[in-house]
Amino acid sequence: MSILALLVERLGAIFELSAAQFDLLDSHWQLLLKWNRKMNLTRITDPQEAVLRHYGESLFLAGQLTPGRVVDVGSG
């Protein structure tokens, strides 16, 4: 199953995203995989785990933020 299909199936019922937004997440995933082969960006390369850990958690956090406010969670 493609990452796009997984995103729509797993996150579509929870988050109100347009088809264009899902396409952008798919493009992000393709770029992440491409550059991850050149430099270690993430250990998560399984699409099912990525939908949960990369995208699901990020979208959940974004939904908790106050509009107009910025947060830098960082990494590592």
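I began with the elements and found three helices and zero strands in the protein. I keep in mind that this is a predicted model. Reading along the sequence, I get the pattern α-α-α.

**Overall picture**

I looked up the extent next: the C-alpha trace spans about 35 × 30 × 20 Å along its principal axes. Of the 76 residues, 24% count as buried. I also checked the surface, and the protein exposes about 5800 Å². Then I turned to the charges: the mean positions of the 7 positive and 8 negative ones are 9 Å apart.

**Helix α1**

Which residues of α1 are buried? I noted Ile3, Leu6, Leu7 and Leu11. They sit on the same side of α1, because they cover an arc of only 100° around the axis. I then asked what covers these buried residues, and the cover includes α2 and α3.

**Helix α2**

I moved on to α2, which runs over residues 19-36 and has 18 residues. From its first C-alpha to its last, α2 reaches 26 Å, close to the 26 Å expected at 1.5 Å a residue. Its buried residues are Phe22, Leu25, Asp26, Trp29, Leu32 and Asn36. Looking down the axis of α2, I see the buried residues fall within an arc of 120°, so they line one face of the helix. Their cover includes α1 (3-11) and α3 (47-64). On the face of α2 turned away from the buried side, I found the exposed residues Ala19 and Leu24.

I picked Pro47, which lies in helix α3. Is Pro47 buried or partly exposed? It counts as partly exposed, because its relative accessibility is 25%, and buried would mean under 20%.

Which residues does Pro47 touch, not counting those up to four places away in sequence? I listed Ile3, Leu6 and Trp29.

My last look-up was a distance. Pro47 and Leu7 are 40 residues apart in sequence, and their C-alpha atoms are 9.1 Å apart in space.

Note on methods:
Residues are numbered from 1 along each chain as its sequence is written. This is a predicted model: local features need pLDDT of at least 70, side-chain atom pairs count only at pLDDT 80 or more; totals for chains, interfaces and linings use all residues. Side-chain values use heavy atoms; hydrogens and water are left out. Helices (H or I, at least four residues) and strands (E, at least two) are DSSP runs, numbered from the N terminus. The expected span of a helix is 1.5 Å times one less than its number of residues. Buried means under 20% relative accessible area, exposed over 50%, partly exposed in between (1.4 Å probe, protein chains only). The arc is that of the directions from the helix axis to the C-beta atoms. Contact means heavy atoms within 4.5 Å. Accessible areas come from the Shrake-Rupley method with a 1.4 Å probe; for residues, only the protein chains shown count as cover. Lys and Arg count as positive and Asp and Glu as negative; His and the chain ends are not counted. The place of a charge is taken as NZ of Lys, CZ of Arg, CG of Asp or CD of Glu.
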